[in-house]
Amino acid sequence: MRYSRAFIPTLKEVPKDATMPSHILMLRAGYARMVGAGIYELLPLGTRVLHKIEKIVREEMDAAGAQELLMPTFLPGEYFKESGRWELYGPTLLRIKDRKGGEYHLGPTHEEIVTDLVRREVKSYRQLPLNLYQIQNKYRDEPRPRAGLLRCREFIMKDAYSFDVSDEAALASYQQMHDSYHRIFQRLGLEYRVVEADSGAIGGKQSAEFQVLAQTGEDWIVACDECDYAANVEIARRGPVAGAEPDPSKMLPVEKVETPNTHTIEEVVAFFGPDVTAAQTLKSLVYLASDEIVLAVVRGDHEINEIGLARQLGVDALLLASDAAVKEATNTEIGFVGPVDFGGRIIADPDAVSVLNAITGAGETPYHLKNVNHGRDYTAEVLSIRQATSGDPCPNCNGTLQLYRGIEGGHIFVLGTHYSDKMNATFLDEEGDSHPIVMGCYGIGVTRLIAAIIEQHHDEEGIRWPVHVAPYQVIVTPIGKDEEPLTKATEIYETLRDQGIEALLDDRSERPGVKFKDADLLGIPLRITVGSRGLKQGTVELKKRIEAESEDVPAADIVSATQAALAALRS
Ligand SMILES: [Zn+2]
C-alpha cells in the first residue's frame, strides 16, 4: 500500500475522554473511530489487525476439529425466554420490537440459538461430539461503555459451543479448547495467565479465564511466581498462614476514644494520626449467612474474600448487612462495629488476630477502642477469609503469589446440561435411551484483544505490534527531496510485495521527522529507510520498532535482511 493513497487519519492531539493507552493510540494512529458510546468503526489498519487475529483464531479452532458456522445476530426473543435469560439479562439485553410487535433482541452470546439448532438436527450419539463456532458481532448494553475497544456495546467475539454424550467427554472437549487457547494467546504474542474463575451468570461447573496482563486491566488476579496457579483475587486461595497470637507482655490497656465521623478505615487512620497505619486497625463487617449474623474481621489493609467466607460457612451466598440490619443487630452504626463484646459468631483472619494493640470499632457510636488484642479482649474462630495479595504463599507449591491486573481475553466453561435440560436437547444412546447433551462454551473477545495487545505492546511513541498481528510487516521510508531514494524505495517495496511481505511505502512528501514519527505511532515492526547519503555507499537502513538502533544493510541484500529480521521477530 502506498501511504499517499492509504486511509490513515492520524491525530496529533490525545483525544478527549481517552485515558487507556490502547484507546488513545487506536484513535491517534488512525486504527479506529467512535460512532457512539461504546460503538466503534475499525478503519483499514484496524481491520487488517482484526483479520490477522481472526486468522490465528480460525486456524487453531479448525485444528481442534471445531467447525465454523454463522448464526444471526438479530434473534427472536423466544429462545432466551425458554432459558430464562430474557429476564436474567435485564437492561444489558438490547431488545427490539418488529413492525408486528414481535419481541426480538440482538445476540449477546448464542447458547440458546446453537442449542436450538442442535436439538433439531442431532438425534443420535453417532453425531457427537460436535464443536461449532462463529466469529461475529455481539451486543451488550453496558451501563458504562468505556476504554475504547476494551468495553463496547458492539464488539466481535469468537464463540464456540461443544456438545458431548457425557461429563467425561465434555471435560475432554473443554481440555482441548484449553490447549487451543494457549496456542492462540501464545501466537498473538500476549503475556497472559490462566485463571480459575467464578462462572458467574452463565451457570456452569468448571471455567477458566485467559487474562492478558496489563497495568490498565480492570480485573485483579494473583499468580504464583513458581507454578501455574492463578486466580481472581475474589476467589484466590493462599497457602496456610499461621496466625501468631500477640505477645501478652506487650499488650497495653484498652482505651475507648471518641471518634466522630470515622466510618472508613482511611478516616480512622487519619483520625489517629501519622503513626497509625491501616495494618494496625481491624475491619469488622457484619454478614447475614442464611439466618445467622456473623462478624467477619480482617486487618484494615486487607479485603474480605466473600466467596471464600461463604464456602467456609457452608452457605451459598452471604449478604452484607444493611445499615438498618447492623443497627438492629449491634445497636451500632456501620463503622463503629467491633469484635469486643460482640454478641454473636466472630470469624477472624489469621492476620487480624495477630495484630498487637489493634484499633477497632467500639461497638458503640461514635467510639473506637485502642489496644485491642485477640485472646485477651475477644475470641474468634480463626479462618483464612481475606483476599490474597502480593507476598502471600501459593496454595499449591512453595512459591509466592504476585498481584497483577488483567484484561479478560478469553473465557471457557463446562456448561453441563444447564441449557440442554431447559431446552430439551437430547440424544439417543446405543441402547436407544434418551439423555441430555452435555455442553461447553468458549469465548474470545476478538476486538478486545486488539486493544489488549496494544496495552501490552506500546511505548511513548506509539504501538509496537507483534509481527504476527501487525497490519503491515514493513514500512519503506524514502527520505529527502531527490528522486533517487523514492525510486529505490519503490523498487524495494515492490520486491518485498513479490516475496509475500506486507509492506507500506511512505511516498508522502513529508519531512523525515514526520515520517519516522508516524511509522513509530502506527507500530509497524520493521522500517527500511532509504536516503541519498546511504545510497551513495550502496546502503539502506533497517530498524526494528522495538529497538532504538538501526543497522546499515547493503541495498542489494535488503530483501533477505528483511526476511531474516522478520523471522527473528516471529521466533
Ligand atoms: Zn505455586
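Biologist: Where does D341 lie?

Modeller: D341 lies in the loop between α9 (323-330) and β17 (345-348). Helices (H or I, at least four residues) and strands (E, at least two) are DSSP runs, numbered from the N terminus.

Biologist: What should I know about the model and the numbering?

Modeller: This is a predicted model: local features need pLDDT of at least 70, side-chain atom pairs count only at pLDDT 80 or more, and totals for chains, interfaces and linings use all residues. Residues are numbered from 1 along each chain as its sequence is written, and side-chain values use heavy atoms, with hydrogens and water left out.

Biologist: Back to D341. What is its phi?

Modeller: Positive, about 60°, although D341 is not a glycine.

Biologist: Is D341 buried or exposed?

Modeller: D341 counts as exposed, at 76% relative accessibility. Buried means under 20% relative accessible area, exposed over 50%, and partly exposed in between (1.4 Å probe, protein chains only).

Biologist: And D17, what is its phi?

Modeller: D17 has a positive phi of about 75°, and it is not a glycine. D17 sits in the segment before α1 (21-28). D17 is exposed, with a relative accessible area of 78%.

Biologist: New topic. Which residues coordinate the zinc ion?

Modeller: C224, C227, C394 and C397, each through SG, at 2.2 to 2.3 Å. Donors are N, O and S atoms within 2.8 Å of the metal (3.2 Å for Na, K and Ca); water is not among the atoms, so sites may look incomplete.

Biologist: Why is the arrangement called tetrahedral?

Modeller: Because the 4 donor atoms subtend angles of 101 to 115° around the zinc ion. Four donors count as tetrahedral if all angles lie between 85 and 135 degrees.

Biologist: How are the donor residues spaced in sequence?

Modeller: The spacing is C-x2-C-x166-C-x2-C. The pair C224 and C397 links distant parts of the chain, 173 residues apart. C224 is in strand β11 (residues 219-224), while C397 is in the loop between β20 (381-382) and β21 (401-416).

Biologist: Which peptide bonds are cis?

Modeller: One of them joins L128 and P129, with omega about 5°. P129 lies in the loop between α5 (111-121) and β7 (130-139). The bond from T365 to P366 is also cis, with omega near -5°. P366 is found in the loop between β18 (358-361) and β19 (367-372).

Biologist: Now A451. Where does it lie?

Modeller: A451 lies in helix α12 (residues 446-456). A451 is buried, with a relative accessible area of 1%.

Biologist: What is A451 in contact with?

Modeller: Leaving aside neighbours within four places in sequence, A451 is in contact with S22, L149 and L150. Contact means heavy atoms within 4.5 Å. A451 and S22 are 429 residues apart in sequence, and 5.2 Å apart in space, C-alpha to C-alpha.

Biologist: Which residues of α14 are buried?

Modeller: In helix α14 (residues 512-522), they are K515, D518, A519, D520, L521 and L522.

Biologist: What covers them?

Modeller: The cover includes α1, α2 (44-63), β26 (462-463), β27 (474-478), β28 (503-505) and β29 (526-530). After α14 comes G523, whose phi is positive, near 85°.

Biologist: Zoom out. How is the chain divided into domains?

Modeller: Into domain 1 (3-237 + 403-454), domain 2 (248-382) and domain 3 (472-570). Domain bounds come from an automatic or database domain assignment. The centres of domain 1 and domain 2, taken over C-alpha atoms, are separated by 41 Å.

Biologist: How many helices and strands are there?

Modeller: The protein chain has 16 helices and 31 strands. Its C-alpha trace spans about 90 × 70 × 50 Å along the principal axes.

Biologist: What share of the residues is buried?

Modeller: 52% of the 571 residues in the protein chain count as buried. Among contacts with a separation of 6 or more, residues 24 or more positions apart account for 68%.

Notes: Tetrahedral: all angles 85-135°; square planar, octahedral: opposite > 155°, others 65-115°.
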